[in-house]
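Walk through this model with the coordinates open.

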Amino acid sequence: MNKKKLGQLLCEKRYLDESNLEFALAEQKIEHRRLGQILLELGYVTQAQLNEALAIQVGIERIDLTDVSVSGEIVALVPAELVSKYSILPLRQEDSRLAVAMTDPFQPRVIEDLRLVTGCSVRRYYADPIEMENAIMRFYGSNVARMLDNLVPAEQRTETDELDNGDYSPAKLHELAREPSLVNLVNLIILEAIEVRASDIHIEPFEHQVKIKYRLDGMLVEKTPSSKRLQAAIISRIKIMADMNIAERFVPQDGHIEFAGKNGRVDIRVSTVPTVHGEAVQLRLLDRTTSLIGLEDLGMNAQCLKGFDQCLHKNHGIVLVTGPTGCGKTTTLYAALNRIYSPSVKMITIEDPVEYQLEGINQMPVNPKRGLTFATGLRHILRHDPDIVMVGEIRDRETANIAIRAALTGHLVFSTLHTNDASGAITRLIDMGVEPFLLASSLEAVLAERLIRKICPNCKEPYKPDENLIRSLNGSLKIESGTKFYHGAGCNECGQTGMSGRTGIFELLRITSKVRELIAAKPTTDQIVKAAPADHITMEHDGIAKVLEGITTPEEVIRVAKSIGEEE
């Protein structure tokens, strides 16, 4: 039986239409070159589409890598360097024959290198490039950080290179940072972080190694460290991606990367700082493909949600969200703005930076280098006749006073403040220099929040926590004897942590007439708490309620409650 022609296969797969095929065949008659090469140059097909069709044509079997299983022995058989360099995955060994998935099964060099490394003959399979990317990440992960240990051959390194931990010239750094294997390494580190839903990547240089850490659900998780020899190349690659000065290593720098993730664009904010062992790099991942969380999905109990929702529909006043960095304040404000958005209402924000773009809302990023601060931006915003204004953060007296006066002149203002709890926001603003009578007239509510980790649903099971732990939680909410508690036993889904995802614990302080009278008299935080409405609950109370609902563990609430106490 005659095998199908390449053009026919591409048309059957709908990678190519008949008219383009006819044009390419006409070109082939003139140029006497391979049809595949002509199709690539004309941009009619991609390399992946061509490889797939060629594999079908010569009878190379396609393998689905989505749920493939590969043993640790096989993974150890083929070095990460080859896996990343050629985009391949070893599958299994049958006697002296190694089955290997490839995105391009037509590279003779790959077959030869595999034979030299493993001593096996090779049976080729074709695999989809996206499936391959995910599979490599699954089986090799950040262990691929070891693949470039010999990126700079020993004979090319000088004694100075070793002593200065890879202190190469800018030209050499550019050369190393563009090595295909190094590009793959950095991409894999970022892709793995996106895959596991990390919020940050930390690359930290030490005397003998470079540590790579991901922040997962608020906790740092250390991955396989990289060779010290790769430090300069890895950091230079990231700086090139972020359009930063590769030659400047002794002052902090900031940059930005637009990274093509599996599901779409991911924005990455990059920051470097010099340390005694070289530059440390922090990458903040903002996945634009992740949909914004709705207000009802943040974790507020029904009472808190109802009270906060009522505040959002005020005609004027100021609503504050408080807590430390990374506690979810911006997410809460975005959810609030989405909740009340209407085409008939003019909404403007000023943020540092704009983390997510909201449809129908004017968003302004601060730019201190050009004189655009929160205070100056807010002044200009008020000239645009907004109904609702969101100020990313109140950092100083000037911003606080402008926000308060905007709330008093008919605007609804949202902002954030770094305070320990809801009552602390009031005393902080007074300490900043805001007149107490103005604050009393304008403030509508303060929402304090923290994030706690949730029990992994895949390995959730009943357990008995320490009695002393339960006694320590028994203050704000009564825990009956015989109450069932749950935790996560640990599984592959949650990385053996027993926890997966996060939710919020909240304290909503509504400003009633009694609290307004107290604010005008410059109260203490204790006085404010005592004057709060009868239905006011603390964050610790909310956390214990989530323990009793089986959402989180007593240990997690204690951990977060301790951090609240340490800030007081």
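The paragraphs below take these topics in turn.

This is a predicted model, in which local features need pLDDT of at least 70, side-chain atom pairs count only at pLDDT 80 or more, and totals for chains, interfaces and linings use all residues. Residues are numbered from 1 along each chain as its sequence is written, and side-chain values use heavy atoms, with hydrogens and water left out.

Rolling a probe the size of a water molecule over the atoms shows where empty space is left. Here a cavity is a set of points, on a 1 Å grid over the protein atoms alone, where a 1.4 Å probe fits but cannot get out. Points are joined across faces, edges and corners, and the volume is the space filled by probe spheres set on them. The count is 1 cavity of 30 Å³ or more. The largest cavity has a volume of about 40 Å³.

Which residues line the largest cavity? They are V186, I189, I190, I201, I203, I234, I238 and L283. A lining residue has an atom within 4 Å of a point. Helices (H or I, at least four residues) and strands (E, at least two) are DSSP runs, numbered from the N terminus. Helix 11 (180-195), strand 4 (200-205) and helix 12 (231-241) each supply at least two residues of this lining. Helix 11 gives the largest share, 3 residues. The lining divides into 8 nonpolar residues, no polar and no charged. Nonpolar covers Ala, Val, Leu, Ile, Met, Phe, Trp, Tyr, Cys and Pro; charged covers Asp, Glu, Lys and Arg; the others, Gly among them, are polar.

Now the rings. Rings of Phe, Tyr and Trp (its six-membered ring) pair if their centres lie within 6.5 Å; planes under 30 degrees apart are stacked, over 60 edge-to-face, and the rest tilted. The structure holds 1 aromatic pair. Y334 and Y356 form it, edge-to-face, at 6.2 Å centre to centre and 85 degrees between the planes. The pair links distant parts of the chain, 22 residues apart. Y334 is in helix 14 (residues 329-340), while Y356 is in the loop between strand 12 (347-351) and strand 13 (362-365). Both tyrosines, Y334 and Y356, are buried. Buried means under 20% relative accessible area, exposed over 50%, and partly exposed in between (1.4 Å probe, protein chains only).

Two lysines also meet rings. A charge sits over a ring if NZ of Lys or CZ of Arg is within 6 Å of the ring centre and within 35 degrees of the ring normal. K211 lies over the face of F206, at 5.2 Å from the ring centre. K460 lies over the face of Y486, at 5.0 Å.

Next, the cysteines. The count of disulfides, pairs of cysteine sulfur atoms within 2.5 Å, is 0. C459 is buried, at 9% relative accessible area. C11 is buried too, at 16%.

Finish with the backbone. Most residues other than glycine have a negative phi, and most peptide bonds are trans. A cis peptide bond joins D352 and P353, with omega about -10 degrees. P353 sits in the loop between strand 12 and strand 13.

R14 has a positive phi of about 65 degrees although it is not a glycine. R14 lies in the loop between helix 1 (6-12) and helix 2 (18-31), and is exposed at 78%. D243, also not a glycine, has a positive phi of about 60 degrees. D243 is in the loop between helix 12 and strand 8 (253-260). D243 is exposed, at 73%.

Note on methods:
1 Å grid on protein atoms, 1.4 Å probe; cavity = no way out; pocket = protein on both sides within 12 Å on 5 of 7 lines; lining within 4 Å.
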